[in-house]
Amino acid sequence: MSATRLRVEVDRFRLHAPFVISNFTWHHAEVCTVHLERDGCVGRGEGVPIAYRPEGARDIARQVEGLRAELEGGLDRKALDERLPAGPARCAVDAALWELEAGLGLGPVHERAGLPAPRTIETAITVVFGSPDEMARQASRFADCPLLKVKLGGSRDAEAIRA
C-alpha cells in the first residue's frame with residue numbers, strides 16, 4: 001500500500017440564478033474540495049461554508065491542510081472525529097475517506113455503514129424569495145417536481161403562496 005496524497009482546492013462558482021432568502025442573496029457558491037489519493041484510487045469530499053458560521057471555504061481548506069501529515073499518514077474516520085469538530089472541514093474529509101475506501105475495495109459505503117442499498121428518492125426544488133409574480137414564474141418552471149420548498153419572509157408571503 002502506498003502513501004495517501006492530499007490535494008485541497010477552493011472554487012467559487014457563479015450560480016445560474018441568485019439564491020435568495022429573506023435576508024441574504026447568494027450569487028456564487030464557494031466550495032472546498034478534498035481529494036485523497038492512494039494506490040490509484042481517489043476519494044473526494046466537499047465542504048461548503050454555512051451561512052450562520054463565520055468560516056469561508058478558505059478557512060475550511062486551512063483546517064484540512066492542518067491535518068495534512070496525519071491524512072497522508074493514514075488518519076482514519078474514527079481518528080478524524082477526534083481531530084476536527086463537526087462542520088464542513090470534517091464533512092469534506094469524511095466523505096473523501098468513504099469514497100477512497102470504497103475504491104480500494106473495502107466494500108460499498110452503505111454496507112460498511114450498516115445501511116440498506118441506496119434507492120431513488122424524491123428531492124425538493126427551492127423557489128427563492130422574490131415578488132409573488134417572480135415566485136409564481138419560478139414555481140411554474142418546476143411543475144413536474146414532486147416537492148417545492150418555498151423561501152418566505154416578506155410582507156407578501158400569503159400572496160406569494162397563492163400565486
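This is a short exchange about how features of one predicted model get their labels.

Colleague: What are the ground rules for this model?

Modeller: The model is predicted, so local features need pLDDT of at least 70 and side-chain atom pairs count only at pLDDT 80 or more, while totals for chains, interfaces and linings use all residues. Residues are numbered from 1 along each chain as its sequence is written, and side-chain values use heavy atoms, with hydrogens and water left out.

Colleague: Why is Glu55 called buried?

Modeller: Buried means under 20% relative accessible area, exposed over 50%, and partly exposed in between (1.4 Å probe, protein chains only). Glu55 has 14% relative accessibility, so Glu55 counts as buried. Glu55 is in the loop between β3 and α1.

Colleague: What is Glu55 in contact with, leaving aside its neighbours within four places in sequence?

Modeller: With those neighbours left aside, Glu55 is in contact with Pro49, Ile60, Gln63 and Pro88. Contact means heavy atoms within 4.5 Å. Glu55 and Pro88 are 33 residues apart in sequence, and their C-alpha atoms are 9.3 Å apart in space.

Colleague: Why does Ala61 count as buried?

Modeller: Ala61 has 11% relative accessibility, so Ala61 counts as buried. Ala61 is in helix α1. Leaving aside neighbours within four places in sequence, Ala61 is in contact with Val8, Val10 and Cys32. Ala61 and Arg7 are 54 residues apart in sequence and 9.9 Å apart in space, C-alpha to C-alpha.

Colleague: How do you know that β1 and β2 pair?

Modeller: Two strands pair if DSSP finds at least two bridges between them. Here 13 bridges join β1 to β2, and the strands run antiparallel. Arg5 stands opposite Glu37 in β2. A hairpin of two residues joins β1 to β2. Strands (E, at least two residues) and helices (H or I, at least four) are DSSP runs, numbered from the N terminus.

Colleague: How many bridges link β2 and β3?

Modeller: β2 pairs with strand β3 (residues 41–47) over seven bridges, in the antiparallel sense. Arg38 has Cys41 in β3 as its bridge partner. The hairpin of β2 and β3 has two residues between the strands, and Asp39 there takes a positive phi near 50°.

Colleague: What makes a set of residues a nonpolar core?

Modeller: A nonpolar core is a set of buried Ala, Val, Leu, Ile, Met, Phe, Trp, Tyr and Cys residues, joined through side-chain atoms within 4.5 Å. The largest one has 20 residues, and Leu6, Val34, Leu36, Val64, Leu71, Leu80 and Val93 have the most contacts inside it. Helix α4 gives the most to this core, with six residues. Val93 is in contact with Val34, Leu36, Val64, Leu71 and Leu80, leaving aside neighbours within four places in sequence.

Colleague: What makes a space a pocket?

Modeller: On a 1 Å grid over the protein atoms alone, a pocket is an open set of points with protein on both sides within 12 Å along at least five of seven lines, whereas a cavity is a set where a 1.4 Å probe fits but cannot get out. Lining residues have an atom within 4 Å of a point. The largest pocket is lined by 14 residues, and Trp26, His28, Ala29, Glu30 and Pro49 lie nearest its centre. Strand β2 (residues 24–38) gives the largest share of that lining, seven residues.
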